Amino acid sequence: MVICMKKIFSVKLARVLSVLVFAAAASAAIFYIGSQTKREDKAPPEETVTVMPEVPKNIFIGGDVSSELNADELLSQIKKDHGNSVLTVSNTAELSSDPVTFPGAGLLASDGYYTTNVPYTADSCIIAKMTPEFDIPYKFSVRNRTVYELEYKQLSDYSKFTAEYTETEQARPAIELYMGYMFIDNGESLDIYSKDGRRITSFSDENYIPAYTRDRDGNPLFYKMGTVESGRFDCEGVSRDDEDRIRIREPHKKDKTVIVKGKIDELGEGNPVTEEVKVFYRLSGSSFVAADYDDMTEGRGLYFDYPSYYGITDGRISMYAEKSNTYKKDIDGKITFEHDAYWNYKLYDNVISDRYFDRVYNFNEGLGCVLTEEYYQDGGLYFIKQNGARAFNTVKRYRNNMGWYVIENILPPISNGPESIGYFYYDHGLVRVRREIIDFSNYETNNTQKVYSSEEILIDTSGNVYPTPVGYDIKAYSDGMILLERDGLYGFMDYSGKWIAQPIYTDAEAFSEGLAVIGTADGRYGMIDTSGNIVVPFAYTHISSCSDGVIAVYSEESGWHILRKMTV
């Protein structure tokens, strides 16, 4: 038996997974989609940045820089000083751990620079050191927390893979980033700061949990678990052999007749039906307020710290959904709801396809990703063109080299956290999918999905498999950069097939906003851009991914520092 799917979990992902367990349990529908508004790459910042007083020149490890040079001249000098690259590094011992000088964010702001979430390029962006007015923690962590680590497992030979979460204790970083917000933990309280260093409020992230999704306006969202009344039975059901038809009165909606699966007796008129749901909030000033957000129809497919432009349509075609509910009664008599929707796309208020789907995702690079439940009939996950036609065939039936009659298909991810970055949206002509092969004879005879092979692949806009190096597993794909792993070592290859960082690193995270964190066996971390340039040196024991233009770094020698990705 050949099984190619392996455990895909980085320890650093645990900080996101700690708030995603509820999402994983609800992933049967694979949520999300973005708003229809495109980003403004050069939009000015919403907040003003305080210009900090000058300090002595050449303070290292992120000190502010006072200079007689203007910002453009300083930028040129910084790029010359930071000119090292990982392109030709074959041994991590070659990587210097010497600190570098970062310019002060206040100095650059006074010359028109502002913090940006646009992808980093050496020609347009610079990393600057922020000097906030609040006290920055010195220790890496002041308390632990419970997180959930993810592993993909098979319950038996030839069975499907499932996502399993294991509870564990982990040191909580004293500074964490969430979609541009900074969470500062002083051991007594958890404070939220804006990316310009303005204190917003104190909160408990066990009460308001980061949702790792945004509303249509790009606001980062939080959630609580709550119980809501979803509808009322207006009269008793009309009994049938295996189903009842009953009339439901839903709040603010007309009465409708639905089918309730399972025999229902003595419901009683006006009997309420409740369910446990996520209730979403956003920050308004210093307060949490209810968010106008529907996770089923507005989510973007994955839960992670993504920039506001992720999952946004790049054309005029928008998503369209007709929501529906199925009401069920379990063996204990509890009435539950199954929420669903029928999906399509619209162009100028006209649907583009004759059929409706179980899920759709925004068009990107001319193609839209759709999901259907008929996995082994016409495709579980496939792509359509703007005229509604299927872009390419995704289902194949043939005899393999063992003589088995098999079905090969591409499917959505098993879980929907940061471990699945690269699904649903084309990026530089490639998209990540899961290729699964099942024993078709067994499926036809016993209706059992006997999995022969399951692996992560990349395909191009014609459906051709992109050739990644033999023996490597795909861990992420973003910004045109493929994160590959073999035997616990990580490296990056770009979409053209060129190694940007050789597979010699013991830790790595997906590219975000044009930057990626990589780590060495001796515990040093650095940050590179998509050309392999070292943007933040290997002088730190922790570096966060870039979050809406903000980066948090830590070293035992100098403590925490906050960096900002700036442009003009």
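The side chains of Lys565 and Glu513 meet in a salt bridge, with N and O 3.0 Å apart. Lys565 belongs to strand β35 (residues 559-567), whereas Glu513 sits in the loop between β29 and β30 (515-519), so the pair ties together parts that are 52 residues apart in sequence. The model is predicted, and the values below are computed from it. The points that follow cover salt bridges, a sheet and cysteines.

**Burial of the Lys565–Glu513 pair**

- Lys565 is buried, its relative accessible area being 0%.
- Glu513 also counts as buried, because its relative accessibility of 3% falls under the 20% cut-off.

**Other salt bridges**

- Side chains of opposite charge can pair when their charged atoms come close.
- The structure has a count of 16 salt bridges.
- One of them joins Glu164 to Lys153, with 3.5 Å between the closest N and O atoms. This pair links distant parts of the chain, as Glu164 is in strand β4 (residues 161-173) and Lys153 is in strand β3 (residues 141-154), 11 residues apart.
- Glu164 is partly exposed at a relative accessible area of 29%, and Lys153 is partly exposed at 34%.
- Arg199 and Asp191 form a salt bridge through their side chains, at 3.6 Å from N to O. In this pair Arg199 is partly exposed, with 44% relative accessibility, while Asp191 is buried, with 10%.
- A network of salt bridges links Arg145, Arg172, Glu176 and Asp205.

**The sheet β29-β30-β31-β32**

- Four strands, in the order β29-β30-β31-β32, make up an open sheet with antiparallel pairing.
- The edges are held by β29 (507-508) and β32 (534-540); each has a single partner strand, so one side of each is left without a neighbour in the sheet.
- The pairing of β31 (residues 525-529) with β32 is antiparallel and extends over 3 bridges.
- Tyr525 has Tyr540, in β32, as its bridge partner.

**Cysteines**

- The structure holds 0 disulfides. Cys125 is in no disulfide, and the nearest cysteine sulfur, which belongs to Cys546, is 9.0 Å away. A disulfide would require the two sulfur atoms to lie within 2.5 Å.
- Cys125 is buried, at 1% relative accessibility.
- Cys369 is likewise buried, at 0% relative accessibility.

Notes. Residues numbered from 1 in each chain as written. Predicted model: local features only at pLDDT ≥ 70, side-chain atom pairs only at ≥ 80, totals over all residues. Heavy atoms only, no water. Pairing = 2+ DSSP bridges. Helix = DSSP H or I, 4+ residues; strand = E, 2+ residues; numbered from the N terminus. Buried < 20%, exposed > 50% of the residue type's maximum accessible area, 1.4 Å probe, protein only. Salt bridge = Lys/Arg side-chain N within 4 Å of Asp/Glu carboxyl O.
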